[in-house]
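Here is a short tour of the model, for reading side by side with the coordinates. Please have the viewer open and follow along.

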Amino acid sequence: SDCQINRLNRIAGQVRGVAQMVEDDRYCIDILHQLQAVKSALAKVETQILKDHAACCVAEAIASGDEADQREKFEELIDLFAKRR
């Protein structure tokens, strides 16, 4: 959605700002604070996209009664969360 694109563009700007801080040899703790802010912002976008996926793709698979599709959607989520560790 437009909201998510706007958020991602803001995050991209934050990342460029962090790169500039590194280039400028700014204090490490200041850089780390900015990196935490970027990670937090990315996590919020990730959560929203996951909610959208559950509300749309997963809900459609359940409503369809198609067991193969349901299994596929479930396995995709399991694989996604397994990679996060």
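Cys 3 sits in helix α1; helices here are DSSP runs of H or I with at least four residues, numbered from the N terminus. With a relative accessible area of 45%, Cys 3 is partly exposed, where buried means under 20%, exposed over 50% and partly exposed in between, using a 1.4 Å probe and protein chains only. Its C-alpha atom is separated by 14 Å from that of Lys 51, 48 residues apart along the chain.

A word on the source: this is a predicted model, in which local features need pLDDT of at least 70, side-chain atom pairs count only at pLDDT 80 or more, and totals for chains, interfaces and linings use all residues. Residues are numbered from 1 along each chain as its sequence is written, and side-chain values use heavy atoms, with hydrogens and water left out.

Now to the cysteines as a group. The structure holds zero disulfides, a disulfide being a pair of cysteine sulfur atoms within 2.5 Å. Cys 57 is in no disulfide, and its nearest cysteine sulfur, that of Cys 56, is 4.3 Å away. Here are some residues of this tour with their accessibility:

| Residue | Relative accessible area | Class |
|---|---|---|
| Cys 28 | 55% | exposed |
| Leu 35 | 37% | partly exposed |
| Cys 57 | 29% | partly exposed |
| Lys 73 | 16% | buried |

Which residues make up the largest nonpolar core? There are seven: Ile 11, Val 18, Met 21, Ile 31, Val 38, Ala 41 and Val 45. Beyond its neighbours within four places in sequence, Ala 41 is in contact (heavy atoms within 4.5 Å) with Ile 11 and Gln 14.

Leu 35 also lies in helix α2. Together with Tyr 27, Ile 29 and Leu 32, Leu 35 makes a nonpolar surface patch of about 400 Å².

Finally, look at Lys 73, which lies in helix α3 (residues 67–83). Is this lysine buried or exposed? Lys 73 is buried, at 16% relative accessible area. Leaving aside neighbours within four places in sequence, Lys 73 is in contact with His 53, Cys 57, Val 58 and Ala 61.

How values were computed:
A nonpolar core is a set of buried Ala, Val, Leu, Ile, Met, Phe, Trp, Tyr and Cys residues joined through side-chain atoms within 4.5 Å. Helices (H or I, at least four residues) and strands (E, at least two) are DSSP runs, numbered from the N terminus. Patches are made of residues with over 30% relative accessible area and no salt bridge: like charges are joined within 9 Å, nonpolar side chains (Val, Leu, Ile, Met, Phe, Trp, Tyr) within 5 Å. Accessible areas come from the Shrake-Rupley method with a 1.4 Å probe; for residues, only the protein chains shown count as cover. A salt bridge is a side-chain nitrogen of Lys or Arg within 4 Å of a carboxyl oxygen of Asp or Glu.
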